[in-house]
Amino acid sequence: MPQEELLKEFHALDIEELKEISRLNRLRGDFINLEYTFPSGQTAKLLEDDQWYWGAEVCKKGSSRCYGLAADESILLVCEYGENGSDADLILWKKRKG
């Protein structure tokens, strides 16, 4: 799967900082699989620990938080989190056309 295609999809989102990314890294799911708390109070991890993803970390301007990006052939994920992945918020979970 070409990185360029994924970069275009991330750039197309309405998040200014994501428009600046120029490359993605190969990352194992168990390294980037954060736990999210949903409005119901339930928690879940959305990635597969044993799978590889294309991803990046992008610092959020004017904040101590970061955006985390992950994608494979079927999904596109954007989250926001604090130091060491704490207090993760899911921004986008989208099925990719493929």
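Here is a short chat on reading the fold, sheet and pocket of this structure.

User: What is this model, and how are its residues numbered?

Analyst: This is a predicted model, where local features need pLDDT of at least 70, side-chain atom pairs count only at pLDDT 80 or more, and totals for chains, interfaces and linings use all residues. Residues are numbered from 1 along each chain as its sequence is written, and side-chain values use heavy atoms, with hydrogens and water left out.

User: How many helices and strands does the protein chain have?

Analyst: Two helices and seven strands, in the order α-β-α-β-β-β-β-β-β along the sequence. Helices (H or I, at least four residues) and strands (E, at least two) are DSSP runs, numbered from the N terminus.

User: How do I read the sheet, and what is the order of its strands?

Analyst: In general, strands of a sheet pair through backbone hydrogen bonds, either parallel or antiparallel. Here, five strands make an open sheet in the order β1-β4-β5-β6-β7, with antiparallel pairing; two strands pair if DSSP finds at least two bridges between them. β1 (25–28) and β7 (89–95) are the edge strands, each pairing on one side only. From one strand to the next, the twist averages 25 degrees.

User: How many bridges join β1 to β4?

Analyst: Four, with β4 covering residues 52–59 and the two running antiparallel. N25 has G55 of β4 as its bridge partner.

User: And how do I look for pockets?

Analyst: Rolling a probe the size of a water molecule over the atoms shows where empty space is left. A pocket is an open set of points on a 1 Å grid over the protein atoms alone where a 1.4 Å probe fits, with protein on both sides within 12 Å along at least five of seven lines; lining residues have an atom within 4 Å of a point. The largest pocket here holds about 330 Å³ of space, the volume being that filled by probe spheres set on the points. It has 19 lining residues, with F31, I32, E57, G68 and Y81 closest to its centre.

User: Which strand gives the most to that lining?

Analyst: β5, with four residues.

Terms used: Axes are lines fitted to C-alpha atoms, for helices over the stretch in contact, and angles run from 0 to 180 degrees between N-to-C directions.
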